[in-house]
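Visitor: I have the sequence and the coordinates open. Please walk me through them, one question at a time.

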Amino acid sequence: MTLAEIEQLLQQSVDRALGALAGAKSADELESCRVQYLGQKGFLSQAKKSVGQLPTVDDKKKAGKLANDADARLGKAYDEHKQRIEAAAREAELAERWDVTLPGRRALRGRRHPLTVTADDILDVLGALGFVRAEGPEIEHDWYNFEALNVPRDHPARDMQDTFYIDDDVVLRTHTSPVQVRAMLAIGKPPIRVACYGRVYRNDHDITHSPMFHQVEGLYVDGSVTFGDLKGTLQVFVERIFGAKSKVRLRPSFFPFTEPSVEVDVSCFSCNGTGSGGATVGDDGRCRLCKATGWIEIMGAGMVDPEVLRFGGLDPDKLTGFAFGIGVERVAMLRWGVSDIRLFFENDRRFLRQF
Ligand code: DAH
C-alpha cells in the first residue's frame, strides 16, 4: 500500500469503527467490534503492517503517525464505551436484586438487663469505696462453700441453704461467701478488700426465690477493722443505692461465718421510714413495701469469724474483718417494685423494655 492508500483506509475505517463501537449494546457486542476492527486481522493492523513497507522514511513517519492517532482514538473510544456498558450492567443487576426504594428495617438496640444494672450500681459504689473485684467458680468445693465457712459436714447449719450437690465434695455454690476464703488465700496479706458478683444456686423456687440468683459479696480484712467500719460502709452503701435519705439498721442475727452477725435493714424508701403513705400505700393508709414497719431487710453481714480468717490462712490475733452478702434480685425487686422474681429470667421483652 502507498501512503495515500493507507491514509484512505484509515479515513474510511476509523469512522465506521467508531460508529460500530458506539453502537455496541453489550460486552459481547463490544468484544466482537474490538476483534473486527482492532484485532490482528482488522484494518488497523493491516495499516500498521503496511507502514513498514513504505519506501521512504518520510512516508513511514507520516503514515505511522496517522496509524498511531487512529489507534489512540479507537482505544479511547473502546475503553470509554466498555466502562459505560459495565456500569449499566452493574446497575441492572443491582436493580434486580435490591429494591432501594423499600423502607429500611429498624435496628433493634439492646439494653442492660435490670439485674446487670443493679449489680453494676452496687459494684460501682463498692469500687468507689476501694473494693476490688474478685471471682470464684460456680461449681465449688464443699470445703470453700461450707467447711471453710464454719459449716462442717452433717452440721445443722447446712439446712440454712438447700444445696444442689454434684457429688459428696462438690456443690453448686449456694452463696458468694466462698470467694471470701479464696480471696484471703489468693491475696495472702492485708489489706484485703474485695467485692464478688456472681450466680449462686439453691433448691428453692417461688415468686421471690429462684434456683439460680445473684449475690454481691463484700469482704474487708485489715489490722483494725471494726464493727463501726462495717456500719459506716453500709450507711454509705444504702445512701448511694437507695437514696441520700436512707438509714441503716442492724439487727442481731446468726451466720456461721460471722461473729457477731447482723441482718441489715434500710429505711423504707417508699414511705421514708414512716410506715404509712408513700408510693406503695394500701387502702388502709399503711405502706405495703415495708409492711408498715418502716424498714426493709436487704442483706446479711457481720465481723468475719476468727476461724474463717484462719481457714483463709490469716492470723486472727492480728487481723479483723467484716463481710456482707447482698441478693441482687432482691434489690432490683425492691427498687422497681417487681413482685415476681421469675420475670427477670423469662426474657419477655415487654418486661425488659421498661428498664
Ligand atoms: N452468704 C449469706 C447467704 O447467702 C449472706 C451473708 C451473710 C454473707 C453474712 C456475708 C455475711 O458475707 O457476712 O445467706
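## Buried positions, then the ligand

Guide: Leu115 belongs to helix H5, residues 114-128. One caution before your questions: this is a predicted model.

Visitor: Is Leu115 buried or exposed?

Guide: The cut-off for buried is under 20% relative accessible area. Leu115 has 4% relative accessibility, so Leu115 counts as buried.

Visitor: What distance separates the C-alpha atoms of Leu115 and Phe213?

Guide: Leu115 sits in H5. Along the chain, Leu115 and Phe213 are 98 residues apart.

Visitor: Is Val194 buried or exposed?

Guide: Val194 is part of strand E5. Its relative accessibility is 4%, so Val194 counts as buried.

Visitor: Is Asn145 buried or exposed?

Guide: Asn145 is in helix H6. Its relative accessible area is 0%, so Asn145 is buried.

Visitor: What is the C-alpha separation of Asn145 and Ile187?

Guide: Asn145 lies in H6. Ile187 is 42 residues from Asn145 along the chain. The separation of their C-alpha atoms is 18 Å.

Visitor: Which residues of helix H7 are buried?

Guide: H7 covers residues 178-187. Buried calls for under 20% relative accessible area. The residues of H7 that are buried are Pro178, Val179, Gln180, Val181, Ala183 and Met184.

Visitor: Which residue follows H7, and what is its phi?

Guide: The helix ends at residue 187. Gly188 comes after H7, and its phi is positive, near 80°.

Visitor: Where does Pro191 lie, and what is the omega of the peptide bond from Pro190?

Guide: Pro191 is in the loop between H7 and strand E5, residues 192-201. The bond from Pro190 to Pro191 is cis, with omega near 0°.

Visitor: Which element holds Pro260, and is the peptide bond from Glu259 cis or trans?

Guide: Pro260 is in strand E8, residues 258-267. Omega from Glu259 to Pro260 is near 0°, and the bond is cis.

Visitor: What is the phi of Asp154, and is the residue buried or exposed?

Guide: Asp154 is in the loop between helix H6 (142-145) and strand E3 (165-167). Although Asp154 is not a glycine, its phi is positive, about 65°. Exposed means over 50%. Asp154 has a relative accessible area of 81%, so Asp154 is exposed.

Visitor: What is the phi of Lys291, and is Lys291 buried or exposed?

Guide: Lys291 is in the loop between E8 and E9. Its phi is positive, near 50°, in a residue other than glycine. With a relative accessible area of 66%, Lys291 is exposed.

Visitor: How many residues surround the ligand, and which are the closest?

Guide: The shell holds 16 residues. By class, 5 are nonpolar, 9 polar and 2 charged. The closest are His175, Ser177, Arg202, Gln215 and Glu217.

Visitor: How far from an oxygen atom of the ligand is a polar side-chain atom of Arg202, and of Glu217?

Guide: A polar contact needs N or O atoms within 3.5 Å. For Arg202, a polar side-chain atom is 2.7 Å from a ligand oxygen. For Glu217, a polar side-chain atom is at 2.6 Å from a ligand oxygen.

Visitor: How far is a polar backbone atom of Ala323 from an oxygen atom of the ligand, and what share of the ligand does the protein bury?

Guide: The backbone atom of Ala323 is polar and lies 3.1 Å from a ligand oxygen. Taken alone, the ligand exposes 350 Å². The protein buries 92% of that.

Visitor: Where does the ligand sit, and which elements give two or more residues to its shell?

Guide: The ligand sits in the largest pocket. The elements giving two or more residues to the shell are strands E6 (212-222), E9 (295-304) and E10 (320-327).

Terms used
Residues are numbered from 1 along each chain as its sequence is written. This is a predicted model: local features need pLDDT of at least 70, side-chain atom pairs count only at pLDDT 80 or more; totals for chains, interfaces and linings use all residues. Side-chain values use heavy atoms; hydrogens and water are left out. A residue is near a molecule or strand if one of its heavy atoms lies within 4 Å of it. A polar contact is a pair of N or O atoms within 3.5 Å; within protein, one must be able to donate a hydrogen and the other to accept it, and residues adjacent in sequence count only if both atoms are side-chain atoms. Accessible areas come from the Shrake-Rupley method with a 1.4 Å probe; for residues, only the protein chains shown count as cover. On a 1 Å grid over the protein atoms alone, a cavity is a set of points where a 1.4 Å probe fits but cannot get out, and a pocket is an open set with protein on both sides within 12 Å along at least five of seven lines; lining residues have an atom within 4 Å of a point. A molecule sits in a cavity or pocket if more than half of its atoms lie within 2 Å of its grid points. Helices (H or I, at least four residues) and strands (E, at least two) are DSSP runs, numbered from the N terminus. Ala, Val, Leu, Ile, Met, Phe, Trp, Tyr, Cys and Pro count as nonpolar, Asp, Glu, Lys and Arg as charged, and the others, Gly among them, as polar. Buried means under 20% relative accessible area, exposed over 50%, partly exposed in between (1.4 Å probe, protein chains only).
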